[in-house]
Amino acid sequence: MAPIETTERLGRSLGFFSTFAIATGTMIGAGIFILPGIAVANAGSGAIISFLLGGLISIATAISMSELATGMPVAGGSYYYISRTMGAAFGAVIGLGSWLALVFKGTFALIGLAEYSQIFYPLPLYLVAAVTGVLLLVINYRGAKSSGSLQNFIVVILLVILVLFIGKVSFLVKPDNFVPVAPHGIMSIFTTTGIIFISYLGLAEAAAVSEEVKNPSKNLPRAFIASAVVVTLFYVGIMAVTVGFSGPEGAVTTVTPLADIAGLIAGNTGKFFIAFAALLATLSTANGAILSSSRFPFAMSRDALMPEWFVMIHKKYETPHNAILVTGTVMVSLLFFFNIEQLARLGGAFNILIFILLNMAVIILRKRTLPGYEPTFRDPFYPFTQIFGVVGSILLLPLLGGLPLLFTVLMIFAGAGWYMFYGKDKAMPAYNLFDLLENNVERVSVEPVSVGRVLVPVSNPGHERDLLKLADFLGSEIICLHIIEVPRQTTLMVVQEAYHEKKIEMDCRFQEDFEQYPAKFGNKREFIVAFDHKISNSIIEQAEIENADIIIMGWHESKRFKYSLGDVTNDVLLSSKSQIALLKGHLPDSLKKILVAYNGRENSVHGLYLAKKLAANTGASIRIISIISPDEDPDKKAKITEELDGLVKKITSIPVSFKLLERYSIEDAILEVSNGYDLTIIGDSSERFKISLLGTLSQRIARHSRKPVMIVKKSKPISKESLNYLLKKSGRKIYARIRKEKDPD
């Protein structure tokens, strides 16, 4: 009998209304009963516009989230969208920050609930909050369906009460109470939007349960957009009738204007009715927070950014019970450390940053390809929706005050630190933002794009033949480039004319040697003389003009403390868009043994490809080595060995073997082994933004090796270095244009 395959799944138990209720219930929360008075105190009648602006930003973000969610309907919501768009480091920051921000908001709701409960029966405030938190923890522990059912009931009752309130009070509104619109100035409206923005932070919680939503391609966009629109209409309606009934001055006199208005209209019965609605609202907020915030550590653990303990699914309830336990426990514990206003501001600050990144994620994914990302919903107003969401959120962030901004900065450092010390080199996704911008997310093929046109810059007659020999083995067309460096004080045209008129002496050995070089494979050849003020700029520019597949250069060793400033070699290595092979040393007359240092990254894969071309044309054998720490996990060692074995088996026409070395120092290991080989090939896999005065690992090996070394580097068109090059190039063009305008002759 064939073996039975076992699969574990999380149940999809949330429909449209359950998802809508989670988002709506957490936005129509304590804020709608407390924040109107605070908002009017800061902006007067303009507070109505403040809530409208906050709602419009939320609607824009809801549309962006709908596109992201239908392409990635996975637990973790905003964490998952941002980590898959910007990499694991961003994921660690957003995951930890989002989780803690939602916990803050849930704790804020628990305190608000306890405050309103005092109207009905006086009990110890924190006892009520803690007991409520524990009860919600138990409900969520038992499964999302029961929690969703509770949320549905709360939201329906709450919306009915608020509709009745708006309808009743609207008949008593006085139009004169809306004038002036901005008594405290226009800026007060924007400042107040930042203060009340916590009211619109239920979207992140709804996105976090995307994996449990039935028919996500339809239900997610409908739930996100509907909840944002409905909540905005309710907030604006509540603010309009509050200001219209009481006037700006009347609303400021109390922190519970809705209850007081209900008391004036319907006596104590009305006041208790609104107080009951407030209890439902705060309960809904706390429940939605604990339901969805537990998904952040759960999603992070699946990406190796949290211990696997968080991934465990309860056998009976099919919930991430450990993640829910931790979240609920922290939420209840925070009751005893912060007051209600601190919790509100702290919970809001980081979520504004999330709104910024969510909108940016849509822009990035519209321009770049992420494997498996095929959203069924696409924003018809792109990119205007996203630009509005980003700009609006950026304007709000600094308006929240010093403590929330400090919290945001601390969470960024905490998340980055957690990634560096826990998740680096093992967390998912393995790519980062620049990889996505470069469309380099998918695993590199063992067979990179073939090399055709080879550019060979020559400046050292003693090294020219080695470079031409290498180019002859690797390419089908050889372009030899000789650069004449011109002083800044002299125009390029003058030197070119002098060169043709033979008024200045030029070294012609390069062209003569190139013409006489006996190419073994009959490759097409071309010789270029370029005049430039900077050699590295000319190499990069000519490679672009000639559409070169690879640049083969000789080693020009930089001084140790000149590395960060750059010389010809480093400038080209840092800025070129073409692939590069940098040869240090002289090739032997006969290549018999080639060593390839392999780590599975893009440049080492390309280095192996070039090694195969060399071996095929010279008859050499290839030895692949991979270095791993002796302290590495045995399972990982076995996995790497298996990968190398599979790699070798695919290469059938060339003698090739591999060895896995256990060493603490990669540099020492490669230098030691390289002594027994005619040529060592290393892929330059140095990290972006990481500059060392001693150079990269591959450059240090080349500097100290006694045998020839070839460093291979594939293009990185959106890297930091390329951006610097483009800025320099743009600066030169602007400078040239200014000079031309000043001196047209």
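Student: Which residues is serine 58 in contact with, leaving aside its neighbours within four places in sequence?

Tutor: Serine 58 is in contact with Phe197, Tyr200, Leu203, Ala228 and Phe355, where contact means heavy atoms within 4.5 Å. Before we go on: this is a predicted model, where local features need pLDDT of at least 70, side-chain atom pairs count only at pLDDT 80 or more, and totals for chains, interfaces and linings use all residues. Residues are numbered from 1 along each chain as its sequence is written, and side-chain values use heavy atoms, with hydrogens and water left out.

Student: Why does serine 58 count as buried?

Tutor: Buried means under 20% relative accessible area, exposed over 50%, and partly exposed in between (1.4 Å probe, protein chains only). Serine 58 has 0% relative accessibility, so it counts as buried. You'll find serine 58 in helix α3, residues 47-71; helices are DSSP runs of H or I with at least four residues, strands are runs of E with at least two, and both are numbered from the N terminus.

Student: And what makes phenylalanine 388 partly exposed?

Tutor: Its relative accessible area is 38%, so phenylalanine 388 falls between the 20% and 50% cut-offs. Phenylalanine 388 belongs to helix α15 (residues 384-396). Leaving aside neighbours within four places in sequence, Leu56, Ile57 and Ala60 are in contact with phenylalanine 388.

Student: Now α24: which of its residues are buried, and why are they said to be on the same side?

Tutor: In α24, Lys637, Ile640, Leu644, Leu647 and Val648 are buried. They cover an arc of only 95° around the axis, which puts them on the same side of α24; the arc is that of the directions from the helix axis to the C-beta atoms. An α-helix has 3.6 residues a turn, so residues three or four places apart point the same way.

Student: What covers those buried residues of α24, and what does the face turned away carry?

Tutor: The cover includes α23 (602-618), β7 (621-628) and β8 (656-662). The face turned away from the buried side of α24 carries the exposed residues Pro634, Asp635, Lys639, Glu642, Lys649 and Lys650.
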